[in-house]
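Work through these exercises with the model open beside you. Each task is followed by a solution in steps.

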Amino acid sequence: MNIALIAHDMKKDMMIHFTTAYENILKDHKLFATGTTGKRIMENTDLEIERFQSGPLGGDQQIGAEIANNRMDMVIFLRDPLTAQPHEPDIQALIRLCDVYMIPVATNIATAELLIRALERGDLQWRNFVRES
Ligand SMILES: O=C(CO)COP(=O)(O)O
């Protein structure tokens, strides 16, 4: 599965904890991230991450383009709902595209845990058929 990992600054430590805790599951998948999130994950785990631009510089839009091209199977986006983001329209666009293309998306750690467990169980296998169709 192709998985996008994104975290706003206040949630980056949480993303490190998450990717560390689930490294054994995540290592079997192709991982993508916005610039700084990906850098932080790679510094703190042995995971290989393909990095896009930093979020404010277009990273959310690049991940959105992957979704529109049917190349992303799951998005974990630990958003900070308490801090104004200069690229809020990009964030909304990314989440909208997840809904357009029915891509499983978690925007907080509680849902992220559920999605990763579902991934481990194979509940997202249907994405393989959708991606190949
Ligand atoms: O801003 C972001 C997502 O909207 C995340 O970008 P960075 O991973 O580059 O900090």
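**Exercise 1.** Find out why the radius of gyration of the chain agrees with a compact globule.

Solution. This is a predicted model. Start with the length: the chain has 133 residues. A compact globule with 133 residues would have a radius of gyration near 14 Å. The chain has 13 Å, so the value agrees. Next, look at the extent. The C-alpha trace spans about 35 × 30 × 25 Å along its principal axes. Then turn to burial. A residue counts as buried if 20 or more other C-beta atoms lie within 10 Å of its own. By that cut-off, 33% of the 133 residues are buried.

**Exercise 2.** List the elements of the chain in order, starting at the N terminus.

Solution. Count first: the chain holds 7 helices and 5 strands. Now read along from the N terminus: β-α-α-β-α-β-α-β-α-β-α-α. Then check the contacts between residues at least 6 apart in sequence. Of these, 69% join residues at least 24 apart. Finally, consult the record. An unreviewed UniProt entry places the feature "domain: MGS-like" at residues 1–133. That span is 50% helix and 15% strand. Its end C-alpha atoms lie 15 Å apart.

**Exercise 3.** Describe the residues that surround the ligand.

Solution. Locate the shell. Among its residues are Ile 6, His 8, Thr 34, Ser 54, Pro 56, Asp 60 and Ile 91. Assign elements next. Helix 3 (35–44) and helix 4 (59–68) each give two or more residues to the shell. Helix 3 gives the most, with 3 residues. Last, sort by type: 3 are nonpolar, 8 polar and 1 charged.

How values were computed:
Residues are numbered from 1 along each chain as its sequence is written. This is a predicted model: local features need pLDDT of at least 70, side-chain atom pairs count only at pLDDT 80 or more; totals for chains, interfaces and linings use all residues. A residue is near a molecule or strand if its C-beta atom, placed from the backbone, lies within 6 Å of it. Helices (H or I, at least four residues) and strands (E, at least two) are DSSP runs, numbered from the N terminus. Ala, Val, Leu, Ile, Met, Phe, Trp, Tyr, Cys and Pro count as nonpolar, Asp, Glu, Lys and Arg as charged, and the others, Gly among them, as polar. UniProt positions are given in the numbering used here, feature names are shortened, and annotations may be inferred rather than shown by experiment. The radius of gyration is taken over C-alpha atoms; the globule rule is 2.2 Å times the number of residues to the power 0.38. A residue is buried if 20 or more other C-beta atoms lie within 10 Å of its own, exposed if 12 or fewer, and partly exposed in between; C-beta atoms are placed from the backbone. Two residues are in contact if their C-beta atoms, placed from the backbone, lie within 7 Å.
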